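Hi everyone, thanks for coming. Let me put the structure up, and then I'll walk you through a few spots in it.

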Amino acid sequence: MGFLRSAPRVLAVLGPTNTGKTHLAIERMLGHATGMIGFPLRLLARENYDRVVRIKGVRAVALITGEEKIVPPNPAYFVCTVESMPLDRPVEFLAVDEIQLCGDAERGHVFTNRLLVARGLSETMFLGADTIRPLLRRLVPEAEFVGRPRFSTLRHLGPKKLTRLPPRSAVVAFAVADVFALAELIRRQRGGAAVVLGALSPRARNAQVAMFQSGEVDYLVATDAIGMGLNMDLDHVAFARLVKFDGQAPRRLAPAEIAQIAGRAGRHMSDGTFGTTAEQGEMEPELVEAVENHRFDPLTRLYWRNARLDYGSPAALLRSLEQRPPAPGLVPAREADDHLALRSLARQGEIAERARHPAAVRLLWEVCQIPDFRKVMSDTHARLLGQIYRHLSGPQERLPTDWVAAQVQRLDRFDGDIDGLMTRIAHIRTWTYIAHRPDWLAGAAQWQERARSIEDKLSDALHDRITQRFVDRRSAFLMQRLAADEELLASVSHGGEVKVEGHYVGRLEGFRFVPDPDAGGSAARTLLAAANRVLRGEIAVRARRLAAAADAEFSLAEDGGLCWRGGAVGRLLPGDSALSPRAEVLPGDFLDGELRDGVRRRLSEFLRVAIARGLQPLFRARAADLSGAARGLVFQLGEALGSLPAAAAAGQRAALSGADRQALARLGLRFGTETVYIDALLKSRAAALRGLLWAVWRGEVVPAVPPLGASRVAAVSAEAYAAMGWRVLGPRVLRVDRVERLAAAARRLARQGPFGATPALAQLAGASLEDLAQMLPELGYRAVLGEGGVSFHARPRRAGETRPGNAARRRQHGAAAEPVDGPFAKLKELRLAR
């Protein structure tokens, strides 16, 4: 096989993941005066470059990848990506990692080329899976083979629900949409997950991995990008999918591919497990056995592409790329992106005209090798390559600085969603690659720095967006601490804000913990669990503080809630009378037994004082030294919460002596023709308390106090209005003291005979003329329709009697409006007397 170069020693170190192959190769390289090692990923190259620099120093080591070149003068060691290995530099030792990628349809031809032609002067080492052994033995017969057993075992666990996955698990899918959906579900159920995709820049990927490694999150969702180069503290790998799209069609993962990914679980001497998610279902027993025992079918073909290219013309170059493999076991590589780009550009007349000599064709091929990091080889990328070639093949033979600046500038922005940021990162990585061609553009070092700075900022923004979307840092942290059963540090502010380990989790409203409303589902349950762990002692302290608190710290809410320091702690229930409701403590976590009894006693005492203070004139009258008749009337007023229809009080009123009337007047009682009432209890605050007490006593909705004046009747019963000191008159409701004024004015007019609904009366009632015409009959006046309009006539009444009309009687039974066919319903349509 004449195309093979011989070397003094070729060593193939083969075995599964976690066997120390890379560590061995680095040690062997550093044992030589010079060396070179190629890795399949840029981030792996960077990681091992840093490692070698720590041992040999920065002046001894070069880093060469498509997007990054650090080459000191006369370096002894080169750490590279496989594609970027400078094979024209002779070195004593040369190694290629993951050599089984010779069987990869996309990049395999590069690895196969290194297998066949890359050699160290003293030693060559190929590292990879045992599946390549038969073909490697055939193509490199001089190779020696060294097996490496796995340090730890890999055991199958079977399918598990996402919610049942153990901590330190990775969930693997192959479509970005699937990865995002899984990460979103884990965020809701387990607090969050790191995300690793091939489309992430190395910086963003490393930031996500660092978040997982630090324990900030316990779960990782990834594509098969974790299959190489990411050494993490993983205990379990769960496959959410076993089928992937390989660029041409969906296909099922090969057992060796599953093992490569599953092998990320269990590092060094720690055993690992693998399985599937419940949705994916069981793995076949044969597949499980193969992965657990690392027994896989060997590779049957390696992808090859001719590396001895003909630059005579674009057509000649294409023919040389399509040359058939020279040996059994090698198959033609799928047309790679550079091949597709060449085919596309060669069809363009202007470019074909420029590429008429070998140097121009070689330049065209170099331009075609500019990578499209979006991996889609779109028309946009092809157009960019065409523009670059036209500039480089033009008179200046350089990329115009202004044009490059414009291309880079449009990428220098960090807004947008995850997809937008990933697209921008892919574009700027392309410009990072171009910037490492100093023969293509002026000031290459400055452009390298500019492109790298933009990529770093985009990567940081992408990491932040991914973290914001897929990680609830608070829930993730608290879940870990709860699972560890460790003591939690907590604080509760005076305003009730609860923090656990510095994280805001919610607030105490009284004795009830209310989780942060921004948390939903399992996140809210996590906050509740964390709060419950620390709040038992706090609630006991708060209960004792409440029992000793001054009245000023309590309040009675409009809806009947009993509040302490602004938080609801109790509510009112019916008691022995409307004036004596009971206080009930609201349900609360860890509030029981003696603590609850102490809280109830203190709330009952505050309630008693609050009612007595709010209805002080009534309670003063009840405590006054009065005669039997006066006491009886006050008792009736108490039962009615401060106001009585005059007819209902007629018996007690008739029994009052002059002295009794004077004593009651001094206590604030007013004797109207329509109502007997305590004047001070008509104020809005007292009226609201009266309405609340009536609603609690009757089990009704708390009525709202109407605004002062004649308000429209709302969906409230006449009885509720009466309890607050108001009376329903036709379509309006009027406070009882204003009813008295309206009744007095109507009586003065009636003494002169029939009268009309005048503007003066309407103003006094605070109502329209039309409404007033329906209010006067409620005061005992009869409406008569004559030639001049409607007039009102007084009807004789017995002493102390009020004459509510039909509508008033109906409202006393709960009705709220005059029927449309009632005797006064048509009065609105009539011309009223002025």
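Predicted model: local features only at pLDDT ≥ 70, side-chain atom pairs only at ≥ 80, totals over all residues.

Where does serine 320 sit? You'll find serine 320 in helix α9, which covers residues 314-321. Is serine 320 buried or exposed? Its relative accessibility is 8%, and buried means under 20%, so serine 320 counts as buried. A polar atom of the serine 320 side chain also lies 3.3 Å from the backbone nitrogen of aspartate 310. Asp310 turns up again in the contacts of serine 320, along with Asn306, Arg308 and Leu309, once we leave aside neighbours within four places in sequence.

Now over to histidine 236, which lies in strand β13, residues 236-239. Histidine 236 has a relative accessible area of 1%, so this one is buried. Which side chain does histidine 236 make a polar contact with? That would be threonine 273, side chain to side chain, at 2.7 Å. Not counting residues up to four places away in sequence, histidine 236 touches a list of residues that includes Leu157, Pro166, Arg168, Thr273 and Phe274.

Last stop, a sheet. Three strands form an open sheet in the order β27-β29-β28, and the pairing is antiparallel. At the edges are β27 (643-645) and β28 (669-671), each pairing on one side only. From one strand to the next, the twist averages 10°. Between β27 and β29 (residues 675-678) there are three bridges, and proline 645 has threonine 675 in β29 as its bridge partner.

Notes:
Residues numbered from 1 in each chain as written. Heavy atoms only, no water. Helix = DSSP H or I, 4+ residues; strand = E, 2+ residues; numbered from the N terminus. Buried < 20%, exposed > 50% of the residue type's maximum accessible area, 1.4 Å probe, protein only. Polar contact = N/O pair within 3.5 Å; in protein donor to acceptor, adjacent residues only side chain to side chain. Contact = heavy atoms within 4.5 Å. Pairing = 2+ DSSP bridges. Axes fitted to C-alpha atoms, helices over the stretch in contact; angles between N-to-C directions.
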